[in-house]
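Welcome! Have a look at the sequence and the model first, and then we can walk through some of the details together.

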Amino acid sequence: YAESREKQSFDWATTACAVRIVMDKKIITEADLVLGAVAPVPMPRPQAARMLIGKEPSSKLFQRVAEMAFQGAAPLAHNAFKLPIGKAVVRDALEQATR
């Protein structure tokens, strides 16, 4: 799990990502990815999670997955800042989960 906040630790998350990763040696065999704080309800992103299956973790892969996780996002004028931050949060969550 990873999240971003505008202020200190007691502030609400501005973007969040929860991931579940199962690995066999160095290969990802199962994955789930859910975005939070970007819509009124948590947003499972199964297409982005499927991109991880059968692959070895890498920064390049995590970048592509983050892009897919936010594909089709239609931010409002006041919260477009969430897109690049949210993608970074996805990458952070994936890095943490595959260490």
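## Starting with one residue

In which helix does Arg91 lie? Arg91 belongs to helix 3. Keep in mind as you read that this is a predicted model.

Arg91 counts as partly exposed because its relative accessibility is 26%, a value that falls between the 20% limit for buried and the 50% limit for exposed. Leaving aside neighbours within four places in sequence, Arg91 is in contact with Phe62, Gln63 and Ala66. Along the chain, Arg91 and Phe62 are 29 residues apart, yet their C-alpha atoms are separated by 5.5 Å.

## The buried face of helix 2

Now turn to helix 2, which covers residues 59–69. Which of its residues are buried? They are Leu61, Phe62, Val65, Ala66 and Ala69. Seen down the axis of helix 2, these buried residues fall within an arc of 135 degrees, so they line one face of the helix.

What does this face pack against? The buried residues of helix 2 pack against strand 3, helix 1 (46–50) and helix 3. Two of the residues buried in helix 2, Phe62 and Ala66, are also among the contacts of Arg91.

## Salt bridges

Let us move on to charged side chains. Side chains of opposite charge can pair when their charged atoms come close. How many salt bridges does a search of the whole structure find? The search finds four.

One of them joins Glu3 and Arg5, with the closest N and O atoms 2.1 Å apart. Glu3 is partly exposed, at a relative accessible area of 27%, and Arg5 is partly exposed as well, at 36%. Another salt bridge is formed by Arg20 and Asp32, where the closest N and O atoms are 2.7 Å apart. This pair links distant parts of the chain: Arg20 is in strand 2 (residues 13–24) and Asp32 is in strand 3 (residues 27–36), 12 residues apart. Both ends are partly exposed, Arg20 at 39% relative accessibility and Asp32 at 37%. Arg20 and Asp32 also belong to a network of salt bridges together with Glu30.

The side chains of Glu67 and Lys87 meet in a salt bridge too, at 3.0 Å from N to O. Glu67 counts as partly exposed at 37% relative accessibility, whereas Lys87 counts as buried at 18%.

## Val19 in strand 2

Is Val19 buried or exposed? Val19 has its place in strand 2, and it counts as buried because its relative accessibility is 19%, where buried means under 20%. Not counting residues up to four places away in sequence, Val19 touches Asp32, Leu33, Ala93, Leu94 and Ala97.

The C-alpha atoms of Val19 and Ala31 are separated by 7.1 Å, and the two residues are 12 apart along the chain.

## The largest pocket

Finally, some empty space. Rolling a probe the size of a water molecule over the atoms shows where empty space is left. The largest pocket holds about 230 Å³ of space. It is lined by 15 residues, and the closest to its centre are Val38, Ala73, Ala74, Pro75 and Leu83.

What classes of residue make up this lining? The lining of the largest pocket has 10 nonpolar, three polar and two charged residues.

Note on methods: Residues are numbered from 1 along each chain as its sequence is written. This is a predicted model: local features need pLDDT of at least 70, side-chain atom pairs count only at pLDDT 80 or more; totals for chains, interfaces and linings use all residues. Side-chain values use heavy atoms; hydrogens and water are left out. Buried means under 20% relative accessible area, exposed over 50%, partly exposed in between (1.4 Å probe, protein chains only). Helices (H or I, at least four residues) and strands (E, at least two) are DSSP runs, numbered from the N terminus. The arc is that of the directions from the helix axis to the C-beta atoms. Contact means heavy atoms within 4.5 Å. On a 1 Å grid over the protein atoms alone, a cavity is a set of points where a 1.4 Å probe fits but cannot get out, and a pocket is an open set with protein on both sides within 12 Å along at least five of seven lines; lining residues have an atom within 4 Å of a point. Grid points are joined across faces, edges and corners, and a volume is the space filled by probe spheres set on the points. Ala, Val, Leu, Ile, Met, Phe, Trp, Tyr, Cys and Pro count as nonpolar, Asp, Glu, Lys and Arg as charged, and the others, Gly among them, as polar.
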